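Dear colleague,

Please find below the structure that I am handing over to you, together with its sequence. My notes on what was found follow directly after it.

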Amino acid sequence: MWDRPVDLDEHSIQDALREWGIHTAALAHLPLGFGDHHWSTTDTSGRRWFLTLADLEHKPFLGADPEAVLRNLGLAMDTAARLHDEGGLGFVVAPLRSVRGATVRRVGDRYALSVFPYTRGTPGHFGQTLEPEQRTRVLDALARLHGRTPPDTVRAVPPEPAGADRLAELAGAPEKIGDQGPFAELTAELLAEHGAVLLGRLEEFGRRAAEVDGSRVVTTHGEPHPGNLLWREAGPLFVDWDTVGLAVPERDLWLVGDDPEDLARYTEVAGHEPDPALLALYRLRWDLQDVVEFVDRFAAPHRRGADTEQAWRDLGAILAGLGR
């Protein structure tokens, strides 16, 4: 996120870091990404760390309430740690375990902290077009991930977007958005304008998802787009593992390409030929899940800032695109 959380005392982060044996000498907020808050910290020995603070009230894909989100976030971070430490997947940028063995530590009622090694590399960005050699390296990494025996900490992720039922309810009755911030009324107007199309796409998705053969599921990252890649000479590193889950390989693959020629390398290495219908299904799922999360944010107390401004623009663009 670009905006700092207004309801957080940063001293609580420093206090929490002691569970990792980290005594903070400097703490700097990093305006990055969307969804989580980030800081870097330097300890008293001069070593640097990367911190992620998850907002437990705004992760509907992990649960309907903060307790469920915290529990499932812990499972996701544990999965990433095990993929790296036990599965031998060096491209997984995994959280470090605290002195108690935890990968997540609650900070106040609303947030949860994970600690990562500060890793240098060239970051990608969402929407970036990968060069053919980069795409090959990403597909090779995904083939290795998908080929590993799933840890017992990894959750099954059904095709249906988490929170779809609540979104359908609001699309049919936009007034239920309420008025808890500057974008609430605007969101209600947007849903009133696009509600019929949105309900139609949700119904279409449900029909298509019911036909998915879930007999071949693998450990998927969930969001292996260029913005979640950090490039080094040896290849890509994958960050942001809160979306990790058991699903069909196409959950990951559509973000690399939807042309059979683009994905031929994956077929060669993994022995699985991606299903074009599933690639298209997960592309639609991405848009629907984004709508769920943006509407969820605007139906809750919120402020105007760089993050909500961007979310508002993205919500309008996605809803317009669903009607095309």
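**Findings in the predicted model**

Thr129 has a relative accessible area of 64%, so it counts as exposed. Please bear in mind that the model is a predicted one. Thr129 is placed in the loop between β6 and α3. In sequence, Thr129 and Asp258 are 129 residues apart, while their C-alpha atoms are 13 Å apart in space.

**Aromatic contacts**

A pair of aromatic rings is described by two quantities, the distance of the centres and the angle of the planes. The count of aromatic pairs in this model comes to seven. One of them joins Phe126 and Trp286: the ring centres are 6.0 Å apart and the planes stand at 10°, which is under the 30 degrees required, so the pair is stacked. Phe126 belongs to the loop between β6 (122–123) and α3 (132–147), and Trp286 to helix α8 (residues 276–298), so this pair ties together parts of the chain that are 160 residues apart in sequence. The two partners are placed as follows: Phe126 is exposed, at 54% relative accessibility, whereas Trp286 is buried, at 15%.

Phe183 and Phe298 form a tilted aromatic pair, with 5.2 Å from centre to centre and 35° between the planes. This pair, too, links distant parts of the chain, 115 residues apart: Phe183 lies in the loop between α4 (164–172) and α5 (184–209), and Phe298 lies in helix α8. Both Phe183 and Phe298 are buried.

Two further arrangements involve aromatic rings. Phe91, Phe238 and Trp241 make up one aromatic cluster. Arg48 lies over the face of Tyr118, at 3.9 Å from the ring centre.

**Strands and backbone**

Strands of a sheet pair through backbone hydrogen bonds, in either the parallel or the antiparallel sense. Two bridges connect β6 with strand β8 (residues 229–232), in the antiparallel sense. Pro123 has Leu230 in β8 as its bridge partner.

Strand β1 (residues 24–30) and strand β2 (residues 36–43) also pair in the antiparallel sense, over six bridges. Leu30 stands opposite His38 in β2. The hairpin of β1 and β2 has five residues between the strands, and Gly33 in this hairpin takes a positive phi near 65°.

Most residues other than glycine have a negative phi. Asp240 lies in the loop between β9 (235–238) and β10 (245–247), and at 34% relative accessibility Asp240 is partly exposed.

**Second largest pocket**

Rolling a probe the size of a water molecule over the atoms shows where empty space is left. The second largest pocket holds about 410 Å³ of space. It is lined by 20 residues, of which Val6, Arg110, Arg297, His302 and Arg303 are the closest to its centre. By class, the lining of this pocket comprises nine charged, six polar and five nonpolar residues.

With kind regards

Conventions:
Residues are numbered from 1 along each chain as its sequence is written. This is a predicted model: local features need pLDDT of at least 70, side-chain atom pairs count only at pLDDT 80 or more; totals for chains, interfaces and linings use all residues. Side-chain values use heavy atoms; hydrogens and water are left out. Rings of Phe, Tyr and Trp (its six-membered ring) pair if their centres lie within 6.5 Å; planes under 30 degrees apart count as stacked, over 60 as edge-to-face and the rest as tilted. Helices (H or I, at least four residues) and strands (E, at least two) are DSSP runs, numbered from the N terminus. Buried means under 20% relative accessible area, exposed over 50%, partly exposed in between (1.4 Å probe, protein chains only). A charge sits over a ring if NZ of Lys or CZ of Arg is within 6 Å of the ring centre and within 35 degrees of the ring normal. On a 1 Å grid over the protein atoms alone, a cavity is a set of points where a 1.4 Å probe fits but cannot get out, and a pocket is an open set with protein on both sides within 12 Å along at least five of seven lines; lining residues have an atom within 4 Å of a point. Grid points are joined across faces, edges and corners, and a volume is the space filled by probe spheres set on the points. Ala, Val, Leu, Ile, Met, Phe, Trp, Tyr, Cys and Pro count as nonpolar, Asp, Glu, Lys and Arg as charged, and the others, Gly among them, as polar. Two strands pair if DSSP finds at least two bridges between them.
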